[in-house]
Amino acid sequence: MDDKISIIGGGSWGTALAQVSSNNIKEVLIYARDENVVKNINENNINSKYFKDVKLNSNIKATNNLNKLINFSKDIIISVPTAATRTVMKKIS
(Lines give C-alpha, C1' and ligand atoms only; values in the text may rest on other atoms or scores of the structure.)
Protein backbone atom coordinates (compact mmCIF):
# COMPACT_ATOMS: atom_id res chain seq x y z
CA MET A 1 0.00 0.00 0.00
CA ASP A 2 1.34 3.40 -0.96
CA ASP A 3 1.35 6.03 1.75
CA LYS A 4 0.27 9.24 0.02
CA ILE A 5 -0.98 10.70 -3.24
CA SER A 6 -1.80 14.25 -4.30
CA ILE A 7 -4.54 15.15 -6.76
CA ILE A 8 -4.72 18.54 -8.44
CA GLY A 9 -8.38 19.18 -9.15
CA GLY A 10 -11.35 19.06 -6.81
CA GLY A 11 -13.94 18.62 -9.52
CA SER A 12 -15.93 15.53 -10.33
CA TRP A 13 -13.06 13.60 -11.92
CA GLY A 14 -10.48 14.54 -9.26
CA THR A 15 -12.89 13.65 -6.47
CA ALA A 16 -13.75 10.32 -8.10
CA LEU A 17 -10.05 9.51 -8.51
CA ALA A 18 -9.45 10.42 -4.87
CA GLN A 19 -12.25 8.13 -3.70
CA VAL A 20 -11.02 5.17 -5.74
CA SER A 21 -7.37 5.80 -4.77
CA SER A 22 -8.23 6.09 -1.08
CA ASN A 23 -9.12 2.40 -0.98
CA ASN A 24 -5.44 1.50 -1.53
CA ILE A 25 -3.57 4.57 -0.30
CA LYS A 26 -3.31 5.74 3.32
CA GLU A 27 -3.61 9.49 2.67
CA VAL A 28 -5.07 11.39 -0.28
CA LEU A 29 -4.87 15.16 -0.61
CA ILE A 30 -6.97 17.05 -3.16
CA TYR A 31 -6.17 20.57 -4.35
CA ALA A 32 -9.31 22.62 -5.02
CA ARG A 33 -9.56 26.36 -5.65
CA ASP A 34 -13.05 26.62 -4.17
CA GLU A 35 -12.86 27.25 -0.41
CA ASN A 36 -16.29 25.70 0.10
CA VAL A 37 -15.22 22.46 -1.58
CA VAL A 38 -12.11 22.30 0.64
CA LYS A 39 -14.11 23.01 3.78
CA ASN A 40 -16.83 20.51 2.87
CA ILE A 41 -14.36 17.71 2.18
CA ASN A 42 -12.35 18.37 5.34
CA GLU A 43 -15.29 18.83 7.69
CA ASN A 44 -17.99 16.57 6.24
CA ASN A 45 -16.18 14.14 3.91
CA ILE A 46 -18.45 15.30 1.08
CA ASN A 47 -17.84 17.26 -2.12
CA SER A 48 -21.36 18.68 -2.22
CA LYS A 49 -20.65 20.64 -5.40
CA TYR A 50 -20.22 17.44 -7.44
CA PHE A 51 -21.24 14.43 -5.31
CA LYS A 52 -23.63 15.62 -2.64
CA ASP A 53 -24.87 12.11 -1.88
CA VAL A 54 -21.47 10.37 -1.73
CA LYS A 55 -19.63 10.11 1.58
CA LEU A 56 -15.89 10.26 0.86
CA ASN A 57 -13.47 8.05 2.71
CA SER A 58 -12.02 9.65 5.84
CA ASN A 59 -8.42 9.45 4.53
CA ILE A 60 -9.24 12.07 1.87
CA LYS A 61 -8.45 15.67 2.78
CA ALA A 62 -8.39 18.86 0.73
CA THR A 63 -6.39 22.06 0.51
CA ASN A 64 -6.34 25.22 -1.56
CA ASN A 65 -2.60 25.60 -0.96
CA LEU A 66 -0.82 24.28 -4.03
CA ASN A 67 2.62 24.26 -2.36
CA LYS A 68 1.27 22.11 0.48
CA LEU A 69 -0.16 19.68 -2.04
CA ILE A 70 3.08 19.45 -4.04
CA ASN A 71 5.10 18.77 -0.89
CA PHE A 72 2.57 16.24 0.42
CA SER A 73 3.60 13.33 -1.78
CA LYS A 74 5.98 12.24 -4.50
CA ASP A 75 3.07 11.15 -6.73
CA ILE A 76 0.79 13.82 -8.17
CA ILE A 77 -2.20 13.31 -10.44
CA ILE A 78 -3.31 16.30 -12.50
CA SER A 79 -7.06 16.16 -12.92
CA VAL A 80 -8.15 19.52 -14.26
CA PRO A 81 -9.87 20.46 -17.52
CA THR A 82 -7.44 20.97 -20.39
CA ALA A 83 -8.26 24.68 -20.47
CA ALA A 84 -7.07 25.05 -16.85
CA THR A 85 -3.85 23.04 -17.18
CA ARG A 86 -1.69 25.99 -18.22
CA THR A 87 -2.89 28.09 -15.26
CA VAL A 88 -2.14 25.30 -12.79
CA MET A 89 1.29 24.58 -14.29
CA LYS A 90 2.23 28.27 -14.03
CA LYS A 91 1.41 28.20 -10.31
CA ILE A 92 3.59 25.14 -9.82
CA SER A 93 6.70 26.50 -11.53
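The largest nonpolar core of this predicted model contains 13 residues, and those with the most contacts inside it are A18, V28, I30, I41, I60 and A62. A nonpolar core is here a set of buried Ala, Val, Leu, Ile, Met, Phe, Trp, Tyr and Cys residues joined through side-chain atoms within 4.5 Å. Buried means under 20% relative accessible area, exposed over 50%, and partly exposed in between, with a 1.4 Å probe and protein chains only. At least two residues of this core come from each of β1 (2-8), β2 (25-31), α2 (35-44) and β3 (60-63). Helices (H or I, at least four residues) and strands (E, at least two) are DSSP runs, numbered from the N terminus. A second, separate core of six residues includes I8, L29, Y31 and F72. A62, in turn, touches L29, I30, V38, I41 and N42, not counting residues up to four places away in sequence; contact means heavy atoms within 4.5 Å.

Residues are numbered from 1 along each chain as its sequence is written. Local features need pLDDT of at least 70, side-chain atom pairs count only at pLDDT 80 or more, totals for chains, interfaces and linings use all residues, and side-chain values use heavy atoms, with hydrogens and water left out.

The protein as a whole has four helices and four strands, and from the N terminus on its elements run β-α-β-α-β-α-β-α. Of its 93 residues, 38% are buried. Among contacts between residues at least 6 apart in sequence, 59% join residues at least 24 apart.

Helix α1 (residues 12-21) includes Q19. Although Q19 and I60 are 41 residues apart in sequence, their C-alpha atoms are 7.5 Å apart in space. Not counting residues up to four places away in sequence, Q19 touches K55, L56, N57 and I60. Its side chain also reaches the backbone nitrogen of N57 at 3.0 Å. This is a polar contact, that is, a pair of N or O atoms within 3.5 Å; within protein, one must be able to donate a hydrogen and the other to accept it, and residues adjacent in sequence count only if both atoms are side-chain atoms.

S6 counts as buried, at 0% relative accessibility. Leaving aside neighbours within four places in sequence, S6 is in contact with L29, L69, F72, S73, D75, I76 and I77.

G10 is placed in the loop between β1 and α1 and is buried, with a relative accessible area of 11%. The C-alpha atoms of G10 and A32 are separated by 4.5 Å, while the two residues are 22 apart along the chain. Leaving aside neighbours within four places in sequence, the contacts of G10 are T15, I30, Y31, A32, V37, N47 and Y50. In helix α2 lies N40, which counts as buried at 18% relative accessibility. N40 touches N45, I46 and S48, not counting residues up to four places away in sequence.

Side chains of opposite charge can pair when their charged atoms come close. A search of the whole structure finds two salt bridges, each being a side-chain nitrogen of Lys or Arg within 4 Å of a carboxyl oxygen of Asp or Glu. One joins K26 and D3, at 3.7 Å from N to O. Because K26 lies in strand β2 and D3 in strand β1, this pair ties together parts that are 23 residues apart in sequence. K26 is partly exposed, with a relative accessible area of 48%, and D3 is partly exposed at 46%. D34 forms a salt bridge with K49, the closest N and O atoms being 3.3 Å apart. D34 lies in the loop between β2 and α2 and K49 in the loop between α2 and β3, so this pair ties together parts that are 15 residues apart in sequence. D34 is partly exposed, with a relative accessible area of 28%, whereas K49 counts as exposed at 51%.

Confidence is expressed as pLDDT, the predictor's confidence in each residue, from 0 to 100. The protein averages a pLDDT of 90, and 88% of the residues score at least 70. Confidence is highest in β3, at 98, and lowest in helix α4 (residues 82-92), at a mean of 67.
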